[in-house]
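I am opening a page for this chain and will note what I looked up, one topic at a time. The model comes before the entries.

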Amino acid sequence: MRKSISEVGVEDFVKAGLTIEEAQEFQRVLKEAVFGAKGSDPREVWRSLVAQRVLKPWHPHALHQLVYYSVYANWDSLTNGPPLYWFPSLDQSKHTNLGRLMGKYGSKLLGTSYKDPITSFSHFQNFSVQHPEDYWSIVLKELSVSFHEAPKYILDTTDKLKHGGTWFPGSVLNIAECCLLPRTHPRKEDNSVAIVWRDEGCDDSNINHMTLKELRERAMLVAKALDAVFSKGDAIAIDMPMTINAVIIYLAIILAGFIVVSIADSFAAKEIATRLRVSKAKGIFTQDFILRGGRKLPLYSRVVEAAPYKAIVLPVIGNDVGIQLREQDLSWKEFLSSANNHRRSNNYIPVYQPVESVINILFSSGTTGEPKAIPWTQLSPIRSAADAWAHIDVQVGDVFCWPTNLGWVMGPSVLFLCFLCGATLALYHGSPLGHGFGKFVQDAGVTILGTVPSIVKAWKSTECMKGLDWTRIKSFGSTGEASNVDDDLWLSSKSYYNPIIELCGGTELASSYIQGCPLQPQAFGAFSTASMATGFVILDEHGIPYHDQACVGEVGLFPLYMGASERLLNADHDEVYFKGMPMYKGMHLRRHGDIIKRTVGGYFIVQGRADDTMNIGGIKTSSVEIERVCDRADECILETAAISVAPVDGGPEQLAIFVVLKKGSSIEPDKLKILFSRTIQSNLNPLFKVNYVKIVPEFPRTASNKLLRRVLRDRMKHELSTRSKI
């Protein structure tokens with residue numbers, strides 16, 4: 001039984017890593033904060049501790065754990081909802097993007113029911129779903145979006161064959177130009193810092209800067225070279241780390257009226273070839289090598305094995321490529337020289353296209369089979385930026401860092417949200433897993449740091465960020481997989497418990513359908529709201545929507561979703577996203593594939609994909625739900641993966657837990673089996689039983705780091721089948 005916060009004392013603080021003197025002083029400060037809380041409600045106690053900064057970023061994580069879990073020792077999540085760790089203040093809320101917008105338009109749009117940004121947020125979110133034309137007409141003015149030809153109106157729903165309607169009909173623009181031009185609101189000037197970056201291994205060097213004017217001039221130069229080498233409308237791939245040159249190339253391709261094909265730099269030649277074939281790419285930008293920890297890893301050779309028509313190759317170091325190129329390929333230096341022969345003017349006239357024109361072909365991560373080729377139109381960046389503006393509160397002056405790649409949805413999303421919201425993009429040319437990345441975050445003055453949970457887990461377990469100052473970070477972002485509460489506790493503590501905004505969406509949505517919000521209290525590993533202008537229902541196993549009660553089921557998205565995909569290049573869009581989905585209030589719901597839980601209090605917790613659900617003893621549950629409790633069963637556990645398999649000779653599904661242990665740890669599978677069963681039975685269901693435990697060195701993952709449970713399931717089936725034959 002865990003001690004409550006009133007029961008912990010000096011001895012506990014010493015065990016958590018403080019000296020006796022530090023523990024005595026900490027106990028004094030802690031008691032004052034607990035006494036000063038508004039009542040004994042654990043939420044008010046935690047709010048008081050955070051407000052008075054009792055816990056410091058440099059305190060041992062064991063101390064943070066002790067205090068947080070002691071505050072909420074007697075908390076009943078089933079009755080009260082998830083425990084909260086961050087609370088907005090009314091004064092803070094009025095300075096957020098959404099709060100400012102609500103202060104200006106709240107009374108006009110919501111009438112006398114409008115109170116303030118915090119009290120009225122849910123009402124305003126619902127308004128944005130019911131009246132998307134009003135919402136988007138306001139938000140467009142907040143972003144750096146300039147139409148060459150203005151839209152006739154916001155939304156046209158007359159074509160009943162288009163589930164998602166027609167957005168901004170008649171409008172013409174170039175979304176890359178919108179990123180590159182100065183603007184009065186949001187304030188972007190030619191001398192504004194557009195990008196900051198640092199190379200791996202240069203931890204003590206100054207941060208590099210590029211102004212908006214310099215970025216525009218570089219992009220125009222590359223656009224001229226593209227015109228000299230390719231034909232208008234060609235699809236051109238990018239397969240390289242997300243460096244400053246990759247960002248310039250990405251913007252230039254769209255500026256010049258070509259189409260970007262996004263390919264992650266971690267793919268094998270076969271995967272690269274598939275994406276080149278599906279997209280019909282006429283060329284590819286890549287590097288000779290990838291530099292990681294001082295080692296050169298091959299990239300060009302992998303790309304060549306995929307047999308592209310033409311490759312433009314950038315050197316990872318210096319000005320000259322360090323490898324022999326094929327006859328049809330060009331070095332970066334040779335490619336840029338073609339721009340000088342093509343046009344003499346310093347200016348470049350962008351190619352203006354209808355808003356529905358394709359600018360980027362991305363691919364799903366392939367957790368459920370073959371990757372889908374998803375075309376992004378010029379609507380997609382607007383949606384990405386608007387979501388970040390509203391939910392992550394990206395503002396002019398922010399320095400935004402999210403280690404990712406242009407081959408994944410977060411790469412283009414981060415690029416557009418920075419430049420359309422007026423923030424500075426921060427890029428680290430190297431691995432995000434070490435101290436060097438953390439020092440860059442510190443030295444660059446990053447104010448918003450994006451992560452994926454597995455990266456946070458690595459930072460915490462290796463202690464590689466020790467001694468760094470991340471207190472300038474005002475918020476974090478997290479996406480890609482389910483978050484671990486204890487890992488989030490570690491991360492948030494690094495900036496005095498500023499919020500981690502959870503995001504869950506998809507490449508085909510160009511956004512997230514559920515997120516956190518700076519106008520609502522936040523809980524670790526949970527989402528506090530549907531995204532602005534996003535509606536959905538949670539469906540039971542018969543496809544019937546639940547009402548507002550606590551429940552678990554599959555998500556059904558409202559089809560009017562600005563920026564969402566309307567077609568796929570290599571699959572039937574209607575069949576993938578709409579076939580078999582029910583109608584709701586006259587709308588044909590859109591499939592997303594997530595199973596989510598709505599808690600008491602209206603928070604959401606992702607339970608995994610629809611194909612990750614299990615039937616244990618006749619009760620449906622999810623892999624993620626079981627993994628959450630198993631991850632904390634013993635200190636030696638780094639992470640777990642839960643799957644179910646049917647016995648070879650038939651019968652009910654049996655539960656198997658795969659385990660990765662922390663470095664240097666050791667424990668017997670049979671002991672873990674007992675621990676897991678006890679933990680699951682006490683926290684989830686007393687009828688659940690763990691049948692198998694397998695300790696493995698690592699889990700199979702997609703290139704975007706999503707756990708491949710189906711691979712583990714296949715391994716277990718094979719092992720059981722082999723056993724049955726012996």
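**Entry 1: helix H20**

I listed the buried residues of H20 and found Asp486, Asp487, Asp488, Leu489, Trp490, Leu491, Ser492 and Ser493, where buried means under 20% relative accessible area with a 1.4 Å probe and protein chains only. I note that this is a predicted model, in which local features need pLDDT of at least 70 and side-chain atom pairs count only at pLDDT 80 or more, while totals for chains, interfaces and linings use all residues. Residues are numbered from 1 along each chain as its sequence is written, and side-chain values use heavy atoms, with hydrogens and water left out.

Eight of the nine residues of H20 (residues 485-493) are buried, so the helix is largely enclosed by the rest of the structure; helices here are DSSP runs of H or I with at least four residues, strands are E runs of at least two, and both are numbered from the N terminus. I then looked for the cover over these buried residues, and it includes helix H4 (61-71), strand E18 (448-451), helix H19 (453-462), strand E19 (475-478) and strand E20 (500-506), with contact meaning heavy atoms within 4.5 Å. At the start of H20, I found a side-chain oxygen of Asn484 within 2.9 Å of the backbone nitrogen of Asp486.

**Entry 2: a four-stranded sheet**

I traced an open sheet with the order E23-E24-E27-E28 and antiparallel pairing, two strands being paired if DSSP finds at least two bridges between them. Strand E23 (536-539) and strand E28 (604-609) are the edge strands, each pairing on one side only. The twist averages 40° from one strand to the next, with axes fitted as lines to C-alpha atoms (for helices over the stretch in contact) and angles running from 0 to 180 degrees between N-to-C directions. Within the sheet, E24 (residues 551-557) and E27 (residues 590-598) pair over six bridges in the antiparallel sense, and I noted Arg590 in E27 as the bridge partner of Leu557. Helix H22 (residues 623-630) packs on this sheet, where it touches E27 and E28, and its direction makes about 110° with that of E28.

**Entry 3: the whole chain**

I counted 24 helices and 33 strands in the secondary structure of the chain. The radius of gyration is 26 Å, close to the 27 Å that the globule rule gives for 726 residues, so the chain is as compact as a globular protein of that length; the radius is taken over C-alpha atoms, and the rule is 2.2 Å times the number of residues to the power 0.38. I also noted that 58% of the 726 residues count as buried.

Conventions: Buried means under 20% relative accessible area, exposed over 50%, partly exposed in between (1.4 Å probe, protein chains only). A polar contact is a pair of N or O atoms within 3.5 Å; within protein, one must be able to donate a hydrogen and the other to accept it, and residues adjacent in sequence count only if both atoms are side-chain atoms.
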